[in-house]
Protein chains: 4
Amino acid sequence: MLVVMQSHATPEQIQAVCARIESLGLKAHPIPGALRTAIGITGNKGAVDLGILEALPGVVECIPVSKPYKLVSRDAKPEDTVLRIPTPSGEVVIGGDKIALIAGPCAVETEEQLMTVAERIAKTGVRLLRGGAFKPRTSPYSFQGHGEAALKLLAKARERFGLGIVTEAVDHESLDLVERYADVIQIGARNMQNFSLLKRAGRAKKPVLLKRGISATLDEFLMAAEYLLSEGNYNVMLCERGVRTFADHSRNTLDLSIVPAVKKRSHLPILVDPSHGTGLRSKVLPLSRAAVAVGADGLLVEVHHAPDQALSDGMQSILPSELEQLVAEARQIAAVLHRSVN
Amino acid sequence: MLVVMQSHATPEQIQAVCARIESLGLKAHPIPGALRTAIGITGNKGAVDLGILEALPGVVECIPVSKPYKLVSRDAKPEDTVLRIPTPSGEVVIGGDKIALIAGPCAVETEEQLMTVAERIAKTGVRLLRGGAFKPRTSPYSFQGHGEAALKLLAKARERFGLGIVTEAVDHESLDLVERYADVIQIGARNMQNFSLLKRAGRAKKPVLLKRGISATLDEFLMAAEYLLSEGNYNVMLCERGVRTFADHSRNTLDLSIVPAVKKRSHLPILVDPSHGTGLRSKVLPLSRAAVAVGADGLLVEVHHAPDQALSDGMQSILPSELEQLVAEARQIAAVLHRSVN
Amino acid sequence: MLVVMQSHATPEQIQAVCARIESLGLKAHPIPGALRTAIGITGNKGAVDLGILEALPGVVECIPVSKPYKLVSRDAKPEDTVLRIPTPSGEVVIGGDKIALIAGPCAVETEEQLMTVAERIAKTGVRLLRGGAFKPRTSPYSFQGHGEAALKLLAKARERFGLGIVTEAVDHESLDLVERYADVIQIGARNMQNFSLLKRAGRAKKPVLLKRGISATLDEFLMAAEYLLSEGNYNVMLCERGVRTFADHSRNTLDLSIVPAVKKRSHLPILVDPSHGTGLRSKVLPLSRAAVAVGADGLLVEVHHAPDQALSDGMQSILPSELEQLVAEARQIAAVLHRSVN
Amino acid sequence: MLVVMQSHATPEQIQAVCARIESLGLKAHPIPGALRTAIGITGNKGAVDLGILEALPGVVECIPVSKPYKLVSRDAKPEDTVLRIPTPSGEVVIGGDKIALIAGPCAVETEEQLMTVAERIAKTGVRLLRGGAFKPRTSPYSFQGHGEAALKLLAKARERFGLGIVTEAVDHESLDLVERYADVIQIGARNMQNFSLLKRAGRAKKPVLLKRGISATLDEFLMAAEYLLSEGNYNVMLCERGVRTFADHSRNTLDLSIVPAVKKRSHLPILVDPSHGTGLRSKVLPLSRAAVAVGADGLLVEVHHAPDQALSDGMQSILPSELEQLVAEARQIAAVLHRSVN
């Protein structure tokens, strides 16, 4: 934390700020400049909210310096975290030089729908299946998912096609169920700061895929992951899925620059969801290529064999034939980065 | 919903879109223009996700027309909803020509702190006390509130000073407790789309104060309220608390224009929180005046008798003496709008 | 500027950064912390772009500390700037305890239109007339203003009704004309960073009203004003007119919190334009009240006697009868702040 | 345009809106729905501002349907525009299956600097050189470019290394000079809606590279290009350079999804500037790869042989050795899309 004083701050005001800092058990380092004095602070373990200094006489502003996250930081663990997801057809590796693809329908609708899509997906070589059993929906009148029945269908598809299962939990009750049936627990964008749910997921025995909130900063995103690690779950992967901006040509603005930014700050792998990130089928392939090219550790893609019949998000689902093309292009671009898709 | 066709769309493409619409049980109304054809759709009860039409050949885009909310809409109830909050010192009225003030510390810290602030607040004539028992915090290492112990202190302040209690619930468990001890259940900005929590609050027997999410559109905000009403709880008040933008001169950008926008669309009362809306003590009074002037039905303000000792959000809390000035100015500006503070 | 080093930065890296700083003629102040070292920099007169330090080995980031503006700063001039605009009916004062109202049509259309509106405006007691002669329009096919012919009509309205004239210049040529005919030169939001135009306006002999760009930060806004002052024109007033955000319930999001923020940093007066700030007639009165309540030094409002016939921006223009109500409410709210409308 | 009526709008109100539409010379198409009536409008040539209908009794809102751009639209010209930039070493092609690279320093500083960088750039095979002679800077006290002297140095580099020249014009005077010395006239983001400058550039005899404004929507971006085409200049290429959002981990948020969006709406080529788009050297290569992968027609990259000595934007400039890697990766990824770098 750095406290910036007004240019006409008196020596008494500067001294008072230093005294206040020391009274909090911290150390003050005044830096007299030509125009104004700034005061550096060291020794803060994160317990003290230093914003209060901004209200002291003569202070212009307080500038945070240290980042508040610990366990997710590269300072804590310099080497990349590599996740290994067990599936009936062997481990899928996420991170390091391995890129993972996760594909499937937005929601599990019927057994026929799920098995049809899952079979097509398995044929492309993709080994992780996504599909919503609990759907957070803006409207109370929209389809909210089939719950445990959908989880059972996912488990069936798992065994039949050798696919690992990724699916979302929305509260404690659904998390208990997802933890039982699935291989990866997804926490959605709307729940990125549902801290009660994060703590529960941090105590789960399965890996967690944490989506970025629609207006989350990098720090907030990493702090949400910190909740998971601080409860003991180190098997965490992040996922960019687009942020909310003024731009109206796509549903959200996919922020690919967060991929290298996460990799600089944290050891956790980061995936990209181009389906929610754009909201439009015609943009899924271009942005999937871009995500692999920017260095993402995986993709999370919505696929439906009959998107215009889908109960939700049909307009952003690609066809199985488009998934084939996506897989081929992802492999080629991964090779340019000396990585491979598994 | 309106489907806009490309200027060179063929009659067959237009016909195919109409047929698809009719196959969904809806009615298609083609409108041939000089440049292109648009197709109006009627008969949709909200169950069908029409975005899928965007993927049909010849379609440029789909434009939603009808608003998805029902019970919160002025169409459903033209007259203003007026809430009556019972307190030991009589009802507090929110809405219509009455403006209500809610004040108190960010978090309940100690009995001495709470009683000191509550007494000062009661003396200004404010009759609703806010204070956090469960605190959603960005960092897992920050103070998270004293839980039920804090609720017991709030109940004690309630009886001693005749104040109604407003406090936040963050999950099902805390909501059970808040419903027991408090007069108004607050749902925070981070949980505005925690639909599982909204459904539980919709079944509660106490009024709910619902804060706008940090990047929620007007429609999403009203749809979150719709979750509450659709479960049977009609005692709902909304609260603007600032949105996230590029602007860096205040913590959030307080969006006062949503007040007349809500009043046009919905019958629900809307309050403003200038403390979180600005994040800075020096802006709380100016923005409080502005909120009353724009037509808000109340204010939610953080007050602390020693803000530089506060465990959280000290920099945005005003002093009891500033609250006195705020109350006086709110009364005078309310009178300009032919309203009164109660 | 503060340079933050990585927690595992070596002493050699820290020394190299300090050496680089000193080589630029500046002074380095290392602050060793528990986790990491930060390095304060003093002596920078603004000529050196210190962002380059971010690329040195061991550096995490560079944090700017000093604000780059000088002449517009309260550090340079602690007391409020008060502008006095001469009009045929006496001076209009802007700033200090005086609030000024500026009203008129979006564009000057015909002599009849302008005289009709101007007469109605003058009757309400408003003494500054706005009206566009040069209109920056998103489309090349939209009405672009009547140019010098419109300026002549404004000059005629000036003499007939005793009104000062405020009108926009969009390039050097139009600025020459506006400087000749008008009392205040307006620089629009789209030109806030048209530095060539700002330099020309800084050499003009008339006061300048500078609108905030649609996504300008406070610093950028004040730096644009600095261009004007640095060329010798100290008669500058700022104007907030809404910023671009994700919110879709009004054309722009009026950011009233910038009013107290400007007043803290700068001595310049700041007005608010609720017409462009909201884009909707029904929101102009509520937001006008809010702007006066938050402490703005004036309002810039679009008025048209027949808004549904207007050639541009009719939907955000209020009627002369609404202007009467606006003036009355502004006077009452100004009184609460111990100010008066002139 | 579609006018949405209130659910309780009377038949008289609906009729009045239709009458108003017809009085404007347009055609009204009422669409009665179960809940409410909507009214489609056809026949508008863009001259009428239909927003005024929003103020009529019984109207909820007006929804624009037709896009306002004409010459830039794919409706007007279905096939891709392919630009051919003549250089001393032959044509550079932009668009179609060809990708073009433009590289160079942010600003032309000295002859030695420019020749050193230009030689290194030419060796990588890049054939278009960028370099600022006129620099729009936030602060009036920052380096503003060497003007015509810099243009002369660029012309010298052109002849010596066979490079085409791309450089920015900021007003009429500088545009006259740039048109004389350079091969491509750049219009910067801050001037995207400087319509006076756009009209002048539309009459220039050289191709124009138009950068997206920092908060421009797709429609505004295309309308700015429409200004150029409507004055007769069809040699236009667009350039995405990042938009302003709440995100603070990069200087701007590079919006790659606009590339497929532009290609759907318009026939003009679109490039990407990853240097301004991220503001950080370490992100330039990853985002350059992503830009080619998403389908951009070219890259505009800042290169400096000694970035820590640069007079401006040093922290986002890459080294010549990094440019070599960028070129190699761009070639490989272009091949995945069946395109080639020239």
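In chain B of this predicted model, strand β10 (residues 184-187) and strand β11 (residues 208-211) pair in the parallel sense over 3 bridges. Two strands are said to pair if DSSP finds at least two bridges between them; strands themselves are DSSP runs of E with at least two residues, helices are runs of H or I with at least four, and both are numbered from the N terminus. Within this pairing, B:Ile187 has B:Leu210 of β11(B) as its bridge partner. Residues are numbered from 1 along each chain as its sequence is written, while chains are lettered from A and ligands numbered from 1 in the order in which they are written. Because the model is predicted, local features need pLDDT of at least 70 and side-chain atom pairs count only at pLDDT 80 or more, whereas totals for chains, interfaces and linings use all residues.

A residue is buried if 20 or more other C-beta atoms, placed from the backbone, lie within 10 Å of its own.

Chain A may be considered as a whole. Its secondary structure comes to 10 helices and 15 strands, and its C-alpha trace spans about 75 × 40 × 40 Å along the principal axes. Of the 342 residues in chain A, 61% are buried.

Chains also meet one another. In chain A, 34 residues are in contact with 34 residues of chain D, where contact requires C-beta atoms, placed from the backbone, to lie within 7 Å. Helices α7 (258-265), α9 (281-294) and α10 (320-336) of chain A each supply at least two residues of this side, and the largest share, 8 residues, comes from α9(A).

Likewise, 34 residues of chain C are in contact with 34 residues of chain B. On the side of chain C that touches chain B, α9(C) gives the most, with 8 residues.

Methods: Two residues are in contact if their C-beta atoms, placed from the backbone, lie within 7 Å. A residue is buried if 20 or more other C-beta atoms lie within 10 Å of its own, exposed if 12 or fewer, and partly exposed in between; C-beta atoms are placed from the backbone.
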